[in-house]
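Reader: Could you walk me through the side-chain packing here, beginning with the aromatic residues?

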Amino acid sequence: MADNAKNKVEDIAEEEVVNEPKGKERGNVIVPISAEIVLTERKVGPNATDDEKAADRERRLAAPTTKHRKVFSEWPRDPNGPILRPEESKLGKMLGNKVQFWGATLMDFYYVRRIPDCPNLATISTGSKLARWMKDKGENYATDQLLRAEREPYPQEVTPYPIGGLLESLSGGFGNSQPFVKTTSLPVLQERLMYTFLPETLVVHDPHRTLIARRSMLTDNPRWDSEHDIVHTYRLQLSSSGKEKRARERNAIDIAEAAFLARTPVFFMHAARPPRSEPKEAHLYLAPSQLCGTGNHSVVYHAEWEVPRSLIVPDAICKKCVFEKGTEMLVAEDGENGETKDPKWLQKTGKVVETVYENPGFSIAAFDSNGNEVKDEHAELVTYDIEPPSRQVTRKYHGPVRVIDTGIEWQSAAYGVTCKHRAGEAGQPSSASKTPLTARVSVVAKMSIQGDDHLETEADNYQQFPTHFFQHYTGYNVISPLHDPVPVGALVPQFYGYYVPDHAVQPTFWHERKKGGKAGSAKAETEDEKMDTDATAEGVANKGEAGEELAMDVDSEEDEPEEGENKPSDDPSRLSFRYRSPILLVENCGESVGDSLDTMSADDRQECTSLYLRLHHEGWLHNSPYARNIVYQPGPVDASPLERAQNATKRPDLRKTSFRLIDFGRTERMENGRERSREEATVTQLFRVLHNEIEPGRKVAPVPPQHYY
């Protein structure tokens, strides 16, 4: 309800906008204001019919030039209050990105007068910052705003939708099903993986030699099974930054016991969560038909990543098992009707403390451009509930408790341990006897052309980026020099490892490896390789028993080709490679903004701009500020794929789109402010924000100095 009300509020505030900051108070009703010029003009006059006005209003709300994310409210000042001085600014609620201006909702940002009786000197701030300053100075004039600042929740990390329930098939082992089957759609891996859990070994399945990363192959679209699968052994290569992060993560892993309340004051205890095992191996499947994009130095493919199921499906504790076992133990000790219960458990030695929290709610009212109240057909003030009144009661027990240790263990996806209660649930096997060993997810594999080092630089940058670059958060930031709040999703795609070929393990055909046979000789060259005069020879050591440490105990044979089809070739020349690209695995974050810039809304253009600004704020220069380096997909990330697909069909101003910055091969640490200013000017001009053109022939006012507090 609150979200719907907020949308209505934004609609009203956008239509009934004023040119100067104004604000009024009426009990719990706080009037929204705006200092922005309406970018979408009305096309109907005052004498238009109601239907014509409604149609024009819908047109303006959906127009890409209309802003829906802005600072709507003003913080009232005591006419005799002190001056807001920059050097006296206080910190409010913040994220790990150290941007000072964070608000849980759009209504938690304010225009505030630096000098109470000077209406033309307003600055942008947040409720939590202003509340701290006001309390420090003893100014309690804005009672409703102070109360709202106290109730404002702290920022929280948003975790992507769990994909465990989307894993429909239960794979019985690596390499046992054909990839890129059109009738199935793999879930996209979006969770952040700790460096500790990145597989050390990557077995790459590449029947069509995609790893040579040549643009001459981009027009190929062969069937996966038209050639025998060639497998390569790659190893995880972490930079010094990545190794340091992995070491810190290992030291931070904590194993603790857990319990839940069964019947006060009885606790049923279960076993401690077992430590997560570090996966040793994963498999990657590549095909030329899965081309995602190309660059000056790279080729990018959609890929299928097969990983141990425990990597993406967490261990679980079945509370029903714990309760059943605990109840059984309790009855055995106390008797069926409590006849053998120890008298000490019958004494009332504890107490329950009840706390009641009353929330009066938060509403806003609309005023027209002349400052007049907007009223309904009953001549009553039109208001919208942002937070409806609520009452929350909590009870906490204080006193001795009786602990029953049930000994129930966690159910591990790694070993397919599933109880009768959870069998058949989403992401679980249909019975306790089935063992889901592995799962396949969709990722992006980026490869570099021969002789180029941009990919290694990009991988190193990913490992140097701070953690908050990869995290999604609630709320909004206002980040200089923008004036409007922008969402705070992850800044970059998730990093899933940088892998390089292990030259000590020779490429081989997968069907030979499954049988435990020897790899073929790898001395011949294909015609394509002979034509590649710029290629340099890559040393390959013949180890005889190829991939011995990775051999799988699988008896299944490859499918025989249908009648009329070419039989896959066992020509040993297909195992000869003078160049195999390293592989950077990252999250698939959607399509490039590219040529859609002209149709993007003002809000989306500001959000794209904010990605570069957040990068700058942390001291980095992108050095490739182009629209193609921002990708988008339907959001929000914590919604199911079905919800996100439905969201993509909504009116443009109601969609929730997730944007991400990509391509960090040229990215480097910032050395001086001039570099930042140049790239900032390029980006704001590219996305037509601030003083740059919103659309040809129309501009907004330049940024005034000291516009933030």
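Author: This is a predicted model, and in it one aromatic cluster is formed by Tyr195, Tyr462, Phe465, Phe469, Phe470, Phe495, Trp620 and Phe664.

Reader: How many aromatic pairs are there?

Author: The count comes to 14 aromatic pairs. One of them joins tryptophan 75 and tyrosine 110 in an edge-to-face arrangement, with 5.1 Å centre to centre and 85° between the planes. Because tryptophan 75 sits in strand 3 (residues 73–75) and tyrosine 110 in strand 5 (residues 109–113), this pair ties together parts that are 35 residues apart in sequence.

Reader: Is tryptophan 75 buried or exposed, and what about tyrosine 110?

Author: Tryptophan 75 is buried, at a relative accessible area of 1%, and tyrosine 110 also counts as buried, at 2% relative accessibility.

Reader: Which residues make the contact between helix 5 and helix 8?

Author: The axes of helix 5 (residues 240–252) and helix 8 (residues 454–464) come within 8 Å and cross at roughly 30°, and the crossing is left-handed. Ser241, Gly242 and Lys245 of helix 5 make the contact with Tyr462, Gln463 and Gln464 of helix 8, and by class these are one nonpolar, four polar and one charged residues.

Reader: Changing topic, which residues have the most contacts inside the largest nonpolar core?

Author: Those are Leu284, Trp305 and Leu585, in a core of 71 residues.

Methods
Residues are numbered from 1 along each chain as its sequence is written. This is a predicted model: local features need pLDDT of at least 70, side-chain atom pairs count only at pLDDT 80 or more; totals for chains, interfaces and linings use all residues. Side-chain values use heavy atoms; hydrogens and water are left out. Axes are lines fitted to C-alpha atoms, for helices over the stretch in contact, and angles run from 0 to 180 degrees between N-to-C directions. Helices (H or I, at least four residues) and strands (E, at least two) are DSSP runs, numbered from the N terminus. A crossing is left-handed if the near helix is turned anticlockwise from the far one by less than a right angle, and right-handed if clockwise. Contact means heavy atoms within 4.5 Å. Ala, Val, Leu, Ile, Met, Phe, Trp, Tyr, Cys and Pro count as nonpolar, Asp, Glu, Lys and Arg as charged, and the others, Gly among them, as polar. A nonpolar core is a set of buried Ala, Val, Leu, Ile, Met, Phe, Trp, Tyr and Cys residues joined through side-chain atoms within 4.5 Å. Buried means under 20% relative accessible area, exposed over 50%, partly exposed in between (1.4 Å probe, protein chains only). Rings of Phe, Tyr and Trp (its six-membered ring) pair if their centres lie within 6.5 Å; planes under 30 degrees apart count as stacked, over 60 as edge-to-face and the rest as tilted.
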